[in-house]
Amino acid sequence: MVPFAGWTLPLHYGQGHLRSHLHTRRHCSLFDVSHMLQTLVYGRDRIRFMESLVVGDIAELKPGQGTLTLLTNEKGGITDDLIVTNTSEDHLYVVSNAACADKDLAILRDRAAQLQATGSDVHLEVSDNALLALQGSPSMARVLQAGLSDDLAKLSFMSSITTTVYGVPGCRVTRCGYTGEDGVEISVPAARAVELAEQLLGVPDVWLAGLAARDSLRLEAGLCLYGNDIDETVTPAEAGLMCHLGKRRRVAMDFPGAAVIMAQVKEKPRRKPVAVAWTGAGQAPLTSAYLHIPGTVTSGCPSPCLGKNIAMGYVEAAHSRAGTELTVEVRKKQHPAVITKMPFVPTQYYMAK
């Protein structure tokens, strides 16, 4: 157990990090992610409220559809990455990173108060639900469907329904996750979270997984970790995340930091995010720096699936092409490496036919 964002969370369980990571890729694992902030946004002006804070096109979301989006500041920096879902129950469902929960909630409440003062109809409710993530291809779908009355095959990646899961009513099931595998996050009433977890863990294919596997799985999938790979000093243009800016929003430029971000798009960012891989010695949880090519490493670890070391970071744009050779320094030792393509391991997100 380790401290994390004010919580005490499991780093790994009895089977260890390596076996847990590989089990998630080959079968499925259950992660307790209840430390993440879940916020419900109500009122007829909820979409206008949300779009005044994030870069995504929330208005285009159909009922039951969600999107990964970015909360930005006036300098264009990324305050957090969020998942915003337009539910079928006339509210928005927002999931924020635990490490950003306090500042995110303060921003949301402050903006809601500003709009309320001008007569807008918007109000917030912080959910006390637990949040369980069941992740892994191909077992997840089979395991969950056995306890689900709805047809899971109709639920695409980034779609969400409210349903009964293994006898527990009122669960929000969203097909998403942080591993690169087919998976769901289940928002479950806190009083019945242990019951649901025990039901899922009653299936032999399902193992518990902790923070160590969560981190190496997301890195293999090329997914950013807030506070490492993105933060308030990095813009969506620099982070290579412009795909999350809706076309309408780019034209309207009505989100925080729009002028800075769109100017960078036009002028091309001076630095770019890259994926780096190397073999042999030098395995470390976080590599320290590039040499010869100016840049920084932001996340790094040995890849259980690839049997080599992998990292994400930033280099000068002129040196960001895949195949570029460089040197990484790990614990004061230098190792030859090469820029490669992301994700390191192909993702398995499910798209309904």
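Here is a quick briefing on the fold, the salt bridges and the cysteines of this chain.

The model is predicted, so to speak of local features we ask for pLDDT of at least 70, and side-chain atom pairs count only at pLDDT 80 or more, while totals for chains, interfaces and linings use all residues. Residues are numbered from 1 along each chain as its sequence is written, and side-chain values use heavy atoms, with hydrogens and water left out.

**Overall build**

- The chain has eight helices and 19 strands, where helices (H or I, at least four residues) and strands (E, at least two) are DSSP runs numbered from the N terminus.
- With a radius of gyration of 20 Å, close to the 20 Å from the globule rule for 353 residues, the chain is as compact as a globular protein of that length. That radius is taken over C-alpha atoms, and the rule is 2.2 Å times the number of residues to the power 0.38.
- Along the principal axes, the C-alpha atoms fill a box of roughly 55 × 50 × 40 Å.
- Buried residues make up 54% of the 353 in the chain; buried means under 20% relative accessible area, exposed means over 50%, and partly exposed is in between (1.4 Å probe, protein chains only).
- Of the contacts with a separation of 6 or more, 67% are between residues 24 or more positions apart; a contact means heavy atoms within 4.5 Å.

- R248 makes a salt bridge with E51 at 2.6 Å, N to O. This pair links distant parts of the chain, with R248 in helix α7 and E51 in helix α2 (residues 46-51), 197 residues apart.
- R248 also forms a salt bridge with D57, where the closest N and O atoms are 2.5 Å apart. D57 lies in the loop between α2 and β5 (65-72), so this pair ties together parts that are 191 residues apart in sequence.
- R248 is partly exposed at 36% relative accessibility, whereas E51 is buried at 9% and D57 is buried at 10%.
- R249 is also found in helix α7 (residues 247-252), and is buried with a relative accessible area of 0%.
- Leaving aside neighbours within four places in sequence, R249 is in contact with E51, V54, V55, G56, D57, D254 and F255.

**Other salt bridges**

- The structure holds 14 salt bridges, each one a side-chain nitrogen of Lys or Arg within 4 Å of a carboxyl oxygen of Asp or Glu.
- One of them pairs E181 with R25, the closest N and O atoms being 3.0 Å apart. E181 sits in the loop between β11 (168-174) and β12 (183-188) and R25 in helix α1 (residues 17-26), so the pair ties together parts 156 residues apart in sequence.
- E181 is buried at 5% relative accessibility, and R25 is buried at 11%.

**Cysteines**

- The disulfide count is zero, taking a disulfide as a pair of cysteine sulfur atoms within 2.5 Å.
- C100 is in no disulfide, and the nearest cysteine sulfur, in C224, is 13 Å away. C100 is buried, with a relative accessible area of 2%.
- The sulfur of C301 is 10 Å from the closest cysteine sulfur, that of C305, which is too far for a bond. C301 is buried too, at 10% relative accessible area.
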